[in-house]
Amino acid sequence: MLTLILLVLAVAGLLIVMRREAGALPALAVTGVTGLIGIFAGASVIGVLLLIVTAAIAACGLAGIRGAWLTPRLFAVFKKVAPKVSETEHTALEAGSVAWDGELFSGRPNWQRLLDFKDDGLSDAERAFVDHQCSVAAGMCNAWDIARERADLPQELWDYLKRERFFGMIIPEEYGGLGFSAKAQSTILQKLSVSETLMVTVGVPNSLGPGELLLKYGTQEQKDHYLPRLADGREIPCFGLTGPRAGSDATSLPDVGVVVKREVDGEEMLGLELTFEKRWITLAPIASVVGLAFRLFDPEHLLGDEEDRGITLALVPRETEGMQIGRRHHPIGSPFLNGPIKGNKVFVPLSTIIGGEEMIGQGWRMLVECLSVGRCITLPSGATGTARYAIGWTGGFARIRRQFNVPVAEMEGVQEPLARMTAMAYIAQAAVYQTANTIDHGQKPAVPSAILKSQLTEFQRVILADAMDVHGGKAVTLGPRNYLGIGYSANPVAITVEGANIMTRNLMIFGQGAIRCHPYVLEELAAKDADDVKAFDRAFFSHAGLILGNAARALTQGLGIGKPDVPFDDVAAPYAKDIARLSAGFGLAADAAMASLGSKLKQREMLSARLGDVLSNLYLASMLLKQWHEGERVEGEDAVLHYAARFLLNRAEQAFVELFDNLPNRALGRTLRLIIMPRGRRWSRPEDDLSRGIAQAISHDSSLRHKLTANTWDADDGPQDNPLARYNALLATQERAEALYRTVGKAHAKGEIPAEALHPEQQVDAALEAGLISEDDATFMRQREAEVLDMLSVDDFEYDAFVTDKSKVLRHHPA
């Protein structure tokens, strides 16, 4: 019995020390004291074993001892197995900043650090712009008109965007821009997502474009000239990065610039001779100034001794001799302006280099730093805005569309996708807003930008597919009345651009995060590069303490012991505690994967993707809880929080299971499963009751519906038809209509009105004649049914309307 007691005390004491990462001395005290007690109390076997453990801890845990024998050997092994980090990878790792993503990597997230990013909301000017200018712009859009009839935005909309400085959201007021916050930019793009072409047209110049590059790196002369012109639309920018052979791997640019001397206006001038071929460049067909990325060479050493000067960025006016620009690509589903740019030995002066000569070779760093912010805002905001509109349209449609004498929103087969759409939209709103808020606090979230871009555009794919399923024939028949189909067909664009989702999920999220966000890996690699054994000793054994700490935290919290305190209410607290538990498991699993696979982990992309999935879901769930904690809640919102949190935690656990099942070292996989999930999986898919309640709320005139469709164009105040406003108006009178539907339906079933009265209008007239409803009710229902029928209707066209070459029309029935 004494042996068992001493063993339990030693294990419990070590677990406490490990959880706190208290170091070697407390661990020595635990095993040393229990060992001595065992020897003096007659339990000599366990006593001796514990003293042997004490000696081992001292040999490995005390720097003065291990430095003489263990550390040099470990350092030699580390230098052989550590992954080689290229110069471009170093640049990417050094770009951006680490905040909450680092907390999740640590395995002991400090929630207060997340809550310290206070939210001041939008300024009065920003809110006014969202409410007025964005509504005006959205009201000028019709998807069919833009996509099929003009393949562009209307001229009056272009004029309005320029006049109201939509292209200058990130440009400070001193240069004539709006100087808006990241949150405002995101909110604006969400509202403009009523048209994907409009959102892209406004979003791109405010993300990866010359404006942001000039702001951060441009010379004063470049800023003074270009920024005011970009802000008011006198200059339309584009940025040429990708090409036929350089897409996701932008560092493999084959485009070159060569430093040369040319005679210009009778004087010798030092400049660049650019040869390039760019594709998929948004706004290129109409751009007046082109940002170019290329690799610069100085073969004649006109600038210095170095010949290969690295990736460099320049700003080239459209009218530059030799620039081939103006042709268009045809992006799937959407006619946003996108096209190729070419040039062969195009000469430009050195003054076109963004930032001047001192920024030569800094192009990759410049791009990565800009991407870390822009990728957080443009496409994630577009996906979130699309989700707002999709749930508004789909909830309204599902309520007015009746089959089997009931609204289809009452059918569980429809309620399931409605609830899923709503939860994904809720997650997206929280994630994009709270991440933008960290940007407003000075963060440059590199890893979260990859999470948001990939995860929210994938959400967009699911949401639009669900919306199409619920709408059925209404959405698959294109025409001016179809507000959904063109955006659905354009969704692959969001999946592909700004870092294809396959690459982002498989390589970037965990691959970059494992080094950039990990508390010690970057220090270990730096020690290796500097051949600094003392620095390696500090980092490596701190890292070892973290591994032991995460193992202890994951195991004990998985067993329900020692749950962390979290600063949330009773609704959110269970999820926050489990995020902390899974964070410890993630930290342990990440270290185990890196240690067991070493540099091979780069090639095991499916394993890297699953680790990235765990991190992504924990990050999204954290943003969800922060939004809940700080936001003003409405009736029914707790159901959406429960659904969304369980959905994300279920996905995180699924990613863990797939990781355990596929680790090459099967014993390691089984051990990790035992430590991280000692009681098995905790989170099942959201319950059906949650789905039913959420679907009811989103398809009625509820406070939850109004909150989740906020910051959309939902007013009848533009020249174009607004289906969301029309659905909202119908839902506002839904309760009265439902009562009348029931009255008329029962009367028809009982034979109180003629059986041949099959159309709703006929039944209303018959019910009025039978005295079952009033004249006022009949008038209301006639008007409502006319509006419902119009909302359910689809377009039709002349037989040869879609044939571009009329000579090829087949007349199957010439008569």
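**Figure 1. Nonpolar surface patch in the predicted model.** In this predicted model, a nonpolar patch on the surface is formed by L36, I39, F40, V45, V48, L49 and I52, whose accessible area together is about 710 Å². Two helices, α2 (24-40) and α3 (44-61), each supply at least two residues of the patch. The most is given by α3, with 4 residues. One of the patch residues, I52, is found in helix α3. The relative accessible area of I52 is 52%, so this residue is classed as exposed, the threshold being over 50%.

**Figure 2. The annotated span of residues 39-65.** An unreviewed UniProt entry carries the annotation "transmembrane region" for residues 39-65. In the model, the span is 85% helix and 0% strand. The C-alpha atoms at the ends of residues 39-65 are 26 Å apart.

Figure 3. Helix α21 comprises residues 501-516 and contains N506. Because its relative accessibility is 11%, under the 20% limit, N506 counts as buried. A polar atom of the N506 side chain lies 2.7 Å from the backbone oxygen of I502. When neighbours within four places in sequence are left aside, N506 is in contact with E605, M606, S608 and A609.

Figure 4. Side chains of opposite charge can pair when their charged atoms come close. The count of salt bridges in the model comes to 46.

Figure 5. The view shows E277 and K342, which form a salt bridge with their closest N and O atoms 4.0 Å apart. Distant parts of the chain are linked by this pair, with E277 in strand β3 and K342 in strand β7 (residues 338-349), 65 residues apart. What is the exposure of E277? With a relative accessible area of 30%, E277 is partly exposed. K342 is likewise partly exposed, with a relative accessible area of 36%.

Figure 6. The closest N and O atoms of R581 and D578 are 2.8 Å apart, and the two residues form a salt bridge. R581 and D578 are separated by about one helical turn, because they are 3 residues apart in helix α24 (residues 573-597).

**Figure 7. Network of salt bridges.** Which residues are linked in a network of salt bridges? The network links R481, D721, R726, E787, D790 and D795.

Note on methods
Residues numbered from 1 in each chain as written. Predicted model: local features only at pLDDT ≥ 70, side-chain atom pairs only at ≥ 80, totals over all residues. Heavy atoms only, no water. Patch = residues over 30% accessible without salt bridge, like charges linked within 9 Å, V, L, I, M, F, W, Y side chains within 5 Å. Areas by Shrake-Rupley, 256 points an atom, 1.4 Å probe, with all protein chains shown as cover. Salt bridge = Lys/Arg side-chain N within 4 Å of Asp/Glu carboxyl O. Buried < 20%, exposed > 50% of the residue type's maximum accessible area, 1.4 Å probe, protein only. Polar contact = N/O pair within 3.5 Å; in protein donor to acceptor, adjacent residues only side chain to side chain. Contact = heavy atoms within 4.5 Å. UniProt positions renumbered as here; feature names shortened; annotations may be inferred.
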